[in-house]
Amino acid sequence: MIMLYGSQRDYDALSGRPGERPAWTAEDVAAMHAFMEAWNNELVESGEFVDARGLAAPVHTRRVGLREGVLVVTDGPYAETEEVLAGYTIVECESFDRATEIAARLAKTPHPENAVLDHEWYVDVRPLDGREEPQE
């Protein structure tokens with residue numbers, strides 16, 4: 001699984017909402033979507049694509065947990081959490097190294113020249129646990 005990260009501020013900038021950082025233009029967003037579409041299509045054509053989804057903005061998050069044995073439900077976003085999982089892509093390929101190569105191509109995702117980032121760019125590549133091998 002290739003996991004992509006962002007923040008509420010990133011979602012706001014992408015949607016054109018005014019804020020602390022410059023909003024992305026329609027052209028900026030279109031360039032990013034075109035890049036991601038081409039990246040996904042290459043994976044489909046190679047047979048390595050399994051699934052991919054973007055996640056809704058952190059403001060739409062709900063955390064469910066226990067506090068002193070009592071169920072607590074809290075609506076997001078959460079000030080203590082800057083980065084959140086923004087989306088994922090699942091690939092099925094020959095090796096962990098190949099999955100890493102696929103993920104590394106995302107470093108070239110277009111963004112506005114004046115984009116302000118909360119952190120250095122990265123994605124996580126992580127094997128899925130407990131996956132059964134296909135039956136022959």
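A: Ile102 has 0% relative accessibility and therefore counts as buried, a class that means under 20% relative accessible area, with exposed meaning over 50% and partly exposed in between (1.4 Å probe, protein chains only). Its place is in helix α3; helices (H or I, at least four residues) and strands (E, at least two) are DSSP runs, numbered from the N terminus.

Residues up to four places away in sequence aside, Ile102 touches Ile2, Trp39, Leu43, Glu48, Val91 and Cys93, where contact means heavy atoms within 4.5 Å.

The model is predicted: local features need pLDDT of at least 70 and side-chain atom pairs count only at pLDDT 80 or more, while totals for chains, interfaces and linings use all residues. Residues are numbered from 1 along each chain as its sequence is written, and side-chain values use heavy atoms, with hydrogens and water left out.

The pLDDT, the predictor's confidence in each residue from 0 to 100, averages 85 over the protein, and 85% of the residues score at least 70. Helix α3 (residues 96–104), which holds Ile102, has the highest confidence at 96, whereas helix α1 (residues 8–14) has the lowest, at a mean of 83. Where pLDDT is low, the predicted coordinates should not be read in detail.

With 18% relative accessibility, Thr109 counts as buried. A polar atom of the Thr109 side chain lies 2.6 Å from the backbone oxygen of Leu106. Beyond its neighbours within four places in sequence, Thr109 is in contact with Met32, Phe35 and Met36.

As for the whole chain, the protein has 3 helices and 6 strands, and from the N terminus on its elements run β-α-α-β-β-β-β-α-β. Among contacts between residues at least 6 apart in sequence, 70% join residues at least 24 apart. Buried residues make up 24% of the 136 residues.

Elsewhere in the chain, strand β3 (residues 62–67) and strand β4 (residues 70–75) pair in the antiparallel sense over 6 bridges; two strands pair if DSSP finds at least two bridges between them. These strands form a hairpin with 2 residues between them, and Glu68 in the turn has a positive phi of about 55°. Arg67 stands opposite Val70 in β4.

Definitions and conventions: A polar contact is a pair of N or O atoms within 3.5 Å; within protein, one must be able to donate a hydrogen and the other to accept it, and residues adjacent in sequence count only if both atoms are side-chain atoms.
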